[in-house]
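Please read these notes with the model open beside them.

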Amino acid sequence: MSSTAASPLHNLWSIVLSKVGRAHIELGDNIIITNNEVGPAPRAGGKAAAKGDLNDVKGVGRAFKIDSKLGGHAHVHRKSAVELFTIPDHLSAKQAYVIVKLGIPSRSLEPLSDHLGIGKGAAAGVLGMDRATANRKVAKDDVLPTYAAESMLRLLELDAMARDTFETDEEAAAWLRQPHPMLDGETPLDCAKSGFGAERVKDILSAVKYGGVV
């Protein structure tokens, strides 16, 4: 069976969540990740969701296929090592806290730059890191500093909003890269370096989606 190449966004989320381990992060109505393994979450009675339920996830992002072994919570019989992985549109404060506390590997910078269509140095910059620090972290396979990890999660939330607003992922990424008059000529990526700036970008994206602002 041939495998489908994962997108940069899928690779990015896989790395972001790779240290979650046994701290269960609920990503949807019936999807969890345990030790970076994907499967249906247990129901209230303790039984896992049925295989068909993987196609009925609501209130979350887009579904991707990834190669992974099913975790202990996934009582699904299958022939291949491919399962559905749903990228979340939003993380709760608890989920984000656990991810930041456990650490986001610095190797996430490469798929971040690929997904946004910017250089690795620019990707480090939007997380508040200088190029030298970023290169050193990547070389040591270290985790991102806490402030950069928080910036990463803010940026991923904005990216989810942009992808929900525009017709294609490419159009969403292009909008994030372009200077915007409502941000005094700054790009949404640059503005999102601060928490308040990210909230401003969210307001503009909502206006784009519902009010026709561009």
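1. At what angle do the axes of helix 1 (residues 8–16) and helix 3 (residues 109–116) cross? In this predicted model, the two axes cross at roughly 150° and come within 8 Å. Because angles over 145 degrees count as roughly antiparallel, helix 1 is described as roughly antiparallel to helix 3.

2. The crossing of helix 1 past helix 3 is left-handed. On the helix 1 side, the contact is made by Pro 8, Leu 9, Asn 11, Leu 12 and Ile 15. Helix 3 contributes Pro 111, Leu 112, Asp 114 and His 115.

3. What is the make-up of the contact of helix 1 with helix 3 by class? Six residues are nonpolar, two are polar and one is charged.

4. A separate point concerns the largest pocket, whose volume is about 280 Å³. Its lining consists of 16 residues. Of these, Leu 91, Ala 96, Leu 153, Arg 154 and Glu 157 lie nearest the centre of the pocket.

5. Which elements give two or more residues to the lining of the largest pocket? They are helix 2 (93–102) and helix 6 (146–165). Helix 6 provides the largest share of that lining, six residues.

6. Sorted by class, the lining of the largest pocket has 10 nonpolar residues, two polar and four charged.

Key. Residues numbered from 1 in each chain as written. Predicted model: local features only at pLDDT ≥ 70, side-chain atom pairs only at ≥ 80, totals over all residues. Heavy atoms only, no water. Axes fitted to C-alpha atoms, helices over the stretch in contact; angles between N-to-C directions. Helix = DSSP H or I, 4+ residues; strand = E, 2+ residues; numbered from the N terminus. Parallel < 35°, antiparallel > 145°, perpendicular 65-115°, else oblique. Left-handed = near helix turned anticlockwise from the far one by under 90°. Contact = heavy atoms within 4.5 Å. Nonpolar A, V, L, I, M, F, W, Y, C, P; charged D, E, K, R; others polar. 1 Å grid on protein atoms, 1.4 Å probe; cavity = no way out; pocket = protein on both sides within 12 Å on 5 of 7 lines; lining within 4 Å. Points joined across faces, edges and corners; volume = space filled by probe spheres on them.
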